[in-house]
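Please look over the structure below before reading on.

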Amino acid sequence: MESRFNRHSDRLVERHGERVWRIGLDAGFTCPHREGGRGAGGCAFCASDAGLAAYQHDGRRLVEDLDEQISRGLGFLRSRYKARLFFLYFQAYSCTNLPVAELSRIYDSAIALFDAKAPGSLKGIVVSTRPDCLDRAKAELLSSYAARGLEVWLELGLQSSSDASLARINRGHDVQAFVDAAGASRGLGIKRACHLILGLPGETKNDMLRSAGFAADQGMEGIKFHDLRLVKGSSLARCLAAGEYSSLHPSRLPGLLAEILETLPWDMEILRLSADFPRGQCLDLFPPYEKNRLYTAVEGILAARDSRQGGRSARGAA
């Protein structure tokens, strides 16, 4: 049955003939907001390991060797899901936070390591970063991989289109930084996705709708939603314990997502509807929505309304 919203996974099957799986990597990048002269303790919501996939942990130790990470990712995804096609996902921290020459060396090394293990099965790369760590030269480097025939996704963390909200979560950049990054990466043959957090302290439903609309207005090809999860030890987790704000109840998430999707153009791919953390890593006051149940609930709400993604967008539905 055709989905009522534009699922990224469905579009990948159309483009590559079957499902494509991401291998999440920590390639040794850092975050400028955590350390050095700019360091201010990092974002209030951030996990200490930047949310890297569980298969990259050996007991309590995060695997550091890139070659071993690729092997572990391939082994896990092939065994668990019978995966055959892959993206290399530069996931941990700010994955453009180096000069262009060093970025090229890291990306090329990872691609070469992968190709030696699984020739012909790499379909693209995904690079996740902060908007204040991107300029035109770095975007053009990413474009060079698209010119080689790889599908390239640049994931930019915005989280909110409100400067006040960004200040509350100690984000370390303003909305204009995202506008600049969107402009620097436009028209280069790469696909760009925006990360948004739903349920930030002080935000209303209208604030969240405005943030999603802002991402669409910036020409993003995709969007990734995260419901705010309180990672143990994070600044936001401590603020909640002190009674400084209340969290978004999971029961509100399906209806909120359905309403947001109706405002987004159909051609904007939906990469994710909710956050995904290992069990026990977050302070979950209420059980979070299981991912498949959430997708089914959102589809059900849209069906009940006889609606779909783009139903209330100026660019319309498919």
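## A term to begin with

The model described here is a predicted one.

The axes of helix α3 (residues 100–117) and helix α4 (residues 136–147) come within 10 Å of each other, and they cross at roughly 25 degrees. Because that angle falls under 35 degrees, α3 and α4 are roughly parallel to each other. The crossing in which α3 passes α4 is right-handed.

On the side of α3, the contact is made by Val-100, Leu-103, Ser-104, Tyr-107, Asp-108 and Ile-111, while α4 contributes Ala-137, Lys-138, Leu-141, Leu-142 and Tyr-145. Sorted by kind, the residues of this contact comprise eight nonpolar, one polar and two charged.

## The sheet

Strands of a sheet pair through backbone hydrogen bonds, in either a parallel or an antiparallel manner. Here seven strands form an open sheet in the order β1-β4-β5-β6-β7-β8-β9, with parallel pairing. At the edges stand β1 (20–25) and β9 (269–272), each of which pairs on one side only, and the twist from one strand to the next averages 25 degrees.

Within this sheet, β7 (residues 191–198) and β8 (residues 222–227) pair in the parallel sense over six bridges, and Leu-198 stands opposite Asp-227 in β8.

## Helices packed on the sheet

Helix α3 packs on the sheet by touching β1, β4 and β5, and its direction makes about 150 degrees with that of β4. Helix α7 (residues 205–217) also packs on the sheet, where it touches β6, β7 and β8, and the direction of α7 makes about 175 degrees with that of β7.

How values were computed
Residues numbered from 1 in each chain as written. Predicted model: local features only at pLDDT ≥ 70, side-chain atom pairs only at ≥ 80, totals over all residues. Heavy atoms only, no water. Pairing = 2+ DSSP bridges. Helix = DSSP H or I, 4+ residues; strand = E, 2+ residues; numbered from the N terminus. Axes fitted to C-alpha atoms, helices over the stretch in contact; angles between N-to-C directions. Contact = heavy atoms within 4.5 Å. Parallel < 35°, antiparallel > 145°, perpendicular 65-115°, else oblique. Left-handed = near helix turned anticlockwise from the far one by under 90°. Nonpolar A, V, L, I, M, F, W, Y, C, P; charged D, E, K, R; others polar.
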